[in-house]
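Please keep the sequence and the model side by side while reading.

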Amino acid sequence: EYNGFRQGDLVYECVDPGKLWKISYKGFIDEQNPGETISIDLIWKADDSILDFGVEGVNYENTARQIAAQKWSSRFFTELKGLGKAHYEQKGVLSGTVKYKGKTYEPELTGVRDHSFGTRDWRKWDRHMWLVGVLDDGRLFNISAINYTFITNLKAGFIEEIGQPDTTIYSSPGLDEAIGNPALPKKLNFDIVKVKEGAKAPVKVNMKQFFPFMMDGVYHIRQAVAEFEIDGVGGQGIAEMGLNTTHYPDVI
């Protein structure tokens, strides 16, 4: 037995909670086209503490305004309560060996692990944006926004500050402002305000490689490897967008 999870020959094992994960795989690169194989033996080691969205990521002032703007009913609060879930993110370094075509590679990559748990009913999701990564100076960041069918314009996010407590983003755009027409663009340009009464910080996102998938046959998610620039500092990460195909049937 192991403390982790497995999908086929791909194994994620928690060696030390909150600190160390082991990732291993040995098998075909493409099961639909068997032939080439690969062997992966990696260790993910945290180099920062866990950032809990329930403590540092959510902009409660904005959330309160959005709740106050809704038409209250027992059903509304039942649906709102159903959103309760935990989400955390943590920066670390992935290193080890990858064996492919007779050669052994030893990558050392800075990256982010995230984990969510709680009920998710994808039918009640309208659209969302989740941007996460690491800037070139080592700071972890997240900029997120989501519209549900019963409440919209919820936002969350943070930017780590070196030598200072993590900073919850004071002001960030909703989906209409950040993305505009509910398409799935390849580039984004918008502004955030990191602290109250602070200056605007421009954000640029350039999505490079795309990985689409469907949740419960109704919610389309497209993840992308992306280049970022926040207030003039470059970075790398993931740009994820999603939309409900029953609400936007002409987009996909």
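A residue counts as buried when its relative accessible area is under 20%, and as exposed when that area is over 50%. The model discussed here is predicted. E79 has a relative accessible area of 16%, so E79 is buried. R75 reaches 62% and is exposed.

**Helix 3**

Helix 3 spans residues 74–81, and its buried residues are F76, E79 and L80. Viewed down the helix axis, they fall within an arc of 100 degrees, so they line one face. The face turned away from that side carries the exposed residues S74, R75, T78 and K81. The buried residues of helix 3 pack against helix 2 (60–68).

**Salt bridges**

The structure holds eight salt bridges.

| Pair | N to O distance | Relative accessible area |
|---|---|---|
| R75 and E79 | 3.9 Å | R75 62%, E79 16% |
| D121 and R123 | 2.9 Å | D121 23%, R123 59% |
| R127 and D176 | 3.3 Å | R127 4%, D176 60% |

R75 and E79 are four residues apart in helix 3, about one helical turn. What does the R127 and D176 pair tie together? R127 lies in strand 9 and D176 in helix 4, so the pair links parts that are 49 residues apart in sequence. R127 is buried, whereas D176 is exposed. Salt bridges with shared partners also join R75, E79 and K124 into one network.

**Nonpolar cores**

The largest nonpolar core has 27 residues. M129, L131, I143, L188, I192 and V205 have the most contacts inside this core. Among the elements that supply at least two core residues each are strand 9 (125–135), strand 10 (140–148), helix 4 (175–178) and strand 13 (187–193). Another core, of 13 residues, lies apart from the largest one, and its members include F76, W125, L154 and I221.

M129 is in contact with I143, S144, A145, L175, A178, I179, L188 and E240, leaving aside its neighbours within four places in sequence.

Strand 1 (residues 4–7) pairs antiparallel with strand 2 (residues 10–16) over four bridges. Q7 has L10 as its bridge partner. The two strands form a hairpin with two residues between them, and G8 in the turn has a positive phi of about 65 degrees.

Strand 2 also runs antiparallel to strand 3 (residues 20–28), joined by five bridges. Here C14 stands opposite W21. Three residues separate strand 2 and strand 3 in their hairpin, where G18 takes a positive phi near 75 degrees.

Terms used
Residues numbered from 1 in each chain as written. Predicted model: local features only at pLDDT ≥ 70, side-chain atom pairs only at ≥ 80, totals over all residues. Heavy atoms only, no water. Core = buried A, V, L, I, M, F, W, Y, C linked by side-chain atoms within 4.5 Å. Buried < 20%, exposed > 50% of the residue type's maximum accessible area, 1.4 Å probe, protein only. Contact = heavy atoms within 4.5 Å. Arc of directions from axis to C-beta. Pairing = 2+ DSSP bridges. Salt bridge = Lys/Arg side-chain N within 4 Å of Asp/Glu carboxyl O.
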